[in-house]
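Hi,

Here is the structure I promised to send over.

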Amino acid sequence: MRFVILTGMSGAGKSTALKMMEDVGYYCVDNLPVPLVERFIELSDSASTELQKVAVGIDVRNGQNLDEMREVLGRIHDAGRKCEILFLDAEDAVLVKRYKETRRAHPLAFGERVDKGIRMERERLKYLKENADYIIDTSRLLTRELKAELEKIFVNNTDYKNIFVTVLSFGFKYGIPADADLVFDVRFLPNPYYVEGLRAKSGNDREIQDYVLQFPEAHTFLRKMDDMIRFLIPNYITEGKNQLVIAIGCTGGKHRSVTLANELYRCLLHDTELSPHQAEDGQTPNYGLKIEHRDIEKDALRS
């Protein structure tokens with residue numbers, strides 16, 4: 001039997017994740033009281049039940065009982081039963097925004113500001129996060145991307161790494177992305193914007209790609225950037241980082257940055273032994289990976 005405790009920050013998507021796990025065959029129970037966890041896993045693992053996959057939601061709604069999780073998990077381990085912990089997290093600013101959009105009260109805010117409740121919740125859940133088998137940061141994830149991450153772990157049984165990498169193209173004239181961890185400037189490359197017939201196209205078009213990649217400097221830069229990022233990712237994982245945003249910028253975020261971002265994304269897929277074609281077919285590397293082009297349409301909107 002596979003027994004999973006699904007926990008994490010309020011607003012990070014636990015209810016959505018439980019529904020997704022139910023869709024792939026898990027028997028799911030939300031907000032199970034902590035004192036019942038041991039008894040529930042015993043019943044689920046007994047010969048009298050046909051349950052093979054079980055997920056229970058545990059969070060701060062348990063109140064003071066949450067403090068008992070350390071002892072409960074210890075006794076489950078001592079009894080020889082395996083219990084996996086999935087922790088859903090998100091940046092504080094994202095959580096505040098989600099609460100404001102839904103107009104819901106944070107369970108620990110008690111009528112005060114949401115950010116105070118979030119700080120208290122992080123402290124209450126610190127032990128569970130430190131002992132989690134899987135941590136997924138949902139700050140930048142779409143629903144379908146969260147589903148893909150859960151399927152890697154609980155359907156495909158991938159050797160999952162607790163990090164989600166976003167390759168992001170942008171235009172410097174629109175500002176550096178606030179959440180960028182690594183920023184690369186590709187404005188040293190010749191600009192297709194000034195080439196007749198290329199201005200209206202983007203780095204997703206073959207003509208722009210051919211123009212940008214004809215220069216040896218582009219390939220040298222890509223090779224060095226890929227080598228550095230391949231070195232950094234396992235070290236970030238060891239350090240406990242859950243999300244990495246790699247921002248690649250040019251002047252307008254339409255030509256050079258899009259081309260290099262696409263190429264880096266392909267390199268990272270290749271580094272994880274997947275081709276772009278395999279990724280399009282739904283296969284994904286053992287860490288989360290996506291690509292975004294933040295400013296690719298902005299020039300068109302302003303013209």
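Helices (H or I, at least four residues) and strands (E, at least two) are DSSP runs, numbered from the N terminus. Bear in mind that this is a predicted model, where local features need pLDDT of at least 70, side-chain atom pairs count only at pLDDT 80 or more, and totals for chains, interfaces and linings use all residues. Residues are numbered from 1 along each chain as its sequence is written, and side-chain values use heavy atoms, with hydrogens and water left out.

Let's start with the sheet of 4 strands. This open sheet has the order β7-β8-β6-β9, and the pairing is parallel. At the edges sit β7 (182-185) and β9 (288-293), each of which pairs on one side only. From one strand to the next the twist averages 15 degrees; for angles like this, axes are lines fitted to C-alpha atoms (for helices, over the stretch in contact), and values run from 0 to 180 degrees between N-to-C directions.

Now for the pairings. β6 (residues 164-171) and β8 (residues 243-250) run parallel over 8 bridges. Val 165 stands opposite Leu 244 in β8, and Thr 166 has Val 245 in β8 as its bridge partner. On β7, 4 bridges make the parallel link to β8, with Phe 184 partnered by Ile 248 in β8.

How much of β8 is buried? 8 of its 8 residues are, so β8 is largely enclosed by the rest of the structure; buried here means under 20% relative accessible area, with exposed over 50% and partly exposed in between (1.4 Å probe, protein chains only). Gln 243, Val 245, Ala 247 and Gly 249 point one way from the strand, while Leu 244, Ile 246, Ile 248 and Cys 250 point the other way, and all are buried. Helix α9 (residues 216-239) lies across β6, β7 and β8, and runs at about 180 degrees to β7. Contact, here and below, means heavy atoms within 4.5 Å.

Next, helix α10 (residues 256-271), which holds Asn 262 and also Glu 263. Asn 262 counts as buried because its relative accessibility is 9%. Leaving aside residues up to four places away in sequence, Asn 262 touches Gly 203, Asn 204, Gln 209, Ile 291 and His 293. Glu 263 counts as buried too, at 18% relative accessibility.

β1 (residues 2-8) and β4 (residues 84-89) run parallel and are joined by 5 bridges, where Ile 5 has Ile 85 in β4 as its bridge partner.

How do α1 and α7 pack, and at what angle? α1 (residues 14-23) and α7 (residues 143-154) pack at about 55 degrees, with their axes 10 Å apart. That makes α1 oblique to α7, given that angles under 35 degrees count as roughly parallel, over 145 as roughly antiparallel, 65 to 115 as roughly perpendicular and the rest as oblique. Thr 16, Ala 17, Met 20 and Met 21 in α1 meet Thr 143, Leu 146, Lys 147, Leu 150 and Phe 154 in α7.

Leu 125 is buried, with a relative accessible area of 1%. Its C-alpha atom is separated by 8.5 Å from that of Thr 7, 118 residues apart along the chain. Apart from residues up to four places away in sequence, Leu 125 touches Thr 7, Gly 8, Met 9, Val 60, Leu 66 and Phe 87.

Cheers

Terms used: Two strands pair if DSSP finds at least two bridges between them.
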